[in-house]
Amino acid sequence: MAQTISLRKGNTRLPPEVNRVLYVRNLPFNISSEEMYDIFGKYGAIRQIRIGTNKDTRGTAFVVYEDIYDAKTAVDHLSGFNVANRYLIVLYYQPAKMSKKFDQKKKEEEIARMQEKYGVSTKDK
């Protein structure tokens with residue numbers, strides 16, 4: 001019986017956004033690593049949990065599972081899970097989307113500095 005399950009699991013096609021790394025939002029600011037491992041560890045072996053600590057990242061965490069199927073199960077079960085009267089938002093980490101949000105302003109500033117440095121203008125003269 002176990003063999004058929006593992007075969008089926010191996011052949012399951014996962015959506016492209018499914019990832020071993022989860023991005024969790026709306027966490028209580030005072031949540032501990034132990035509480036995170038208790039909640040997320042129910043769904044499989046965890047490689048790492050990183051909880052945001054500065055004012056921009058408080059209430060967020062990254063949870064890295066050993067197995068992609070465990071990560072999918074966690075997302076399916078923990079999205080909307082109530083922790084200390086807060087409903088968790090559990091997403092697959094998407095580096096392209098995340099870095100766009102955080103890096104857009106940096107890139108614009110870098111371009112402006114380079115243009116100034118080399119006397120280049122993007123405006124038609």
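Reader: What conventions apply to the model?

Author: Residues are numbered from 1 along each chain as its sequence is written. The model is predicted, and local features need pLDDT of at least 70, side-chain atom pairs count only at pLDDT 80 or more, and totals for chains, interfaces and linings use all residues, while side-chain values use heavy atoms, with hydrogens and water left out.

Reader: What is the mean pLDDT of the protein chain?

Author: pLDDT is the predictor's confidence in each residue, from 0 to 100. The protein chain has a mean of 84, and 79% of its residues reach 70 or more. Residues 1-8 have a pLDDT below 50, and beyond near neighbours in sequence this stretch has 0 contacts in the model; contact means heavy atoms within 4.5 Å. Where pLDDT is low, the predicted coordinates should not be read in detail.

Reader: How many helices and strands does the protein chain have?

Author: Helices (H or I, at least four residues) and strands (E, at least two) are DSSP runs, numbered from the N terminus. The protein chain has 4 helices and 6 strands, in the order α-β-α-β-β-α-β-β-β-α from the N terminus on. Of the contacts with a separation of 6 or more, 65% are between residues 24 or more positions apart.

Reader: What share of the residues in the protein chain is buried?

Author: Buried means under 20% relative accessible area, exposed over 50%, and partly exposed in between (1.4 Å probe, protein chains only). Of the 125 residues in the protein chain, 25% are buried. Accessible areas come from the Shrake-Rupley method with a 1.4 Å probe; for residues, only the protein chains shown count as cover. The protein chain exposes about 9,300 Å², with carbon and sulfur atoms supplying 52% of it.

Reader: Which residues have the most contacts inside the largest nonpolar core?

Author: A nonpolar core is a set of buried Ala, Val, Leu, Ile, Met, Phe, Trp, Tyr and Cys residues joined through side-chain atoms within 4.5 Å. The largest one has 21 residues, and Leu22, Met36, Phe40, Val63, Tyr65 and Val90 have the most contacts inside it. At least two residues of this core come from each of β1 (21-25), α2 (33-40), β2 (46-51), β3 (61-65), α3 and β6 (89-92). Helix α3 gives the largest share, 4 residues. Apart from residues up to four places away in sequence, Val90 touches Leu22, Tyr23, Val24, Phe40, Val75, Leu78 and Ser79.

Reader: Where does Leu88 lie?

Author: Leu88 is in the loop between β5 (86-87) and β6. Leu88 counts as buried because its relative accessibility is 3%. Leaving aside neighbours within four places in sequence, its contacts include Val24, Phe40, Leu78 and Phe81. Leu88 and Leu78 are 10 residues apart in sequence, and their C-alpha atoms are 6.9 Å apart in space.

Reader: Is Asp70 buried or exposed?

Author: Asp70 is buried, because its relative accessible area is 18%. This residue belongs to helix α3 (residues 68-78) and touches Tyr43, Gly44, Ala45 and Tyr65, not counting residues up to four places away in sequence.

Reader: Which residues form a nonpolar patch on the surface?

Author: Patches are made of residues with over 30% relative accessible area and no salt bridge; like charges are joined within 9 Å, nonpolar side chains (Val, Leu, Ile, Met, Phe, Trp, Tyr) within 5 Å. Here Met114, Tyr118 and Val120 form such a patch, with about 310 Å² of accessible area together. Tyr118 is in helix α4 (residues 95-118) and counts as exposed at 55% relative accessibility.

Reader: How many salt bridges are there?

Author: A salt bridge is a side-chain nitrogen of Lys or Arg within 4 Å of a carboxyl oxygen of Asp or Glu. By this rule the model has 3 salt bridges.

Reader: Which parts of the chain does the pair Arg47 and Glu66 link?

Author: The pair links distant parts of the chain: Arg47 is in strand β2 and Glu66 in the loop between β3 and α3, 19 residues apart. Their closest N and O atoms are 2.8 Å apart. Arg47 is partly exposed at 48% relative accessibility, and Glu66 is partly exposed at 39% relative accessible area.

Reader: Where do Asp76 and Lys72 lie?

Author: Both are in helix α3, 4 residues apart, about one turn of the helix. Asp76 and Lys72 form a salt bridge with their closest N and O atoms 3.0 Å apart. Asp76 is partly exposed, with a relative accessible area of 47%, and Lys72 is partly exposed at 25% relative accessibility.

Reader: How far apart are the closest N and O atoms of Asp56 and Lys55?

Author: In this salt bridge they are 3.7 Å apart. Asp56 and Lys55 are both exposed.
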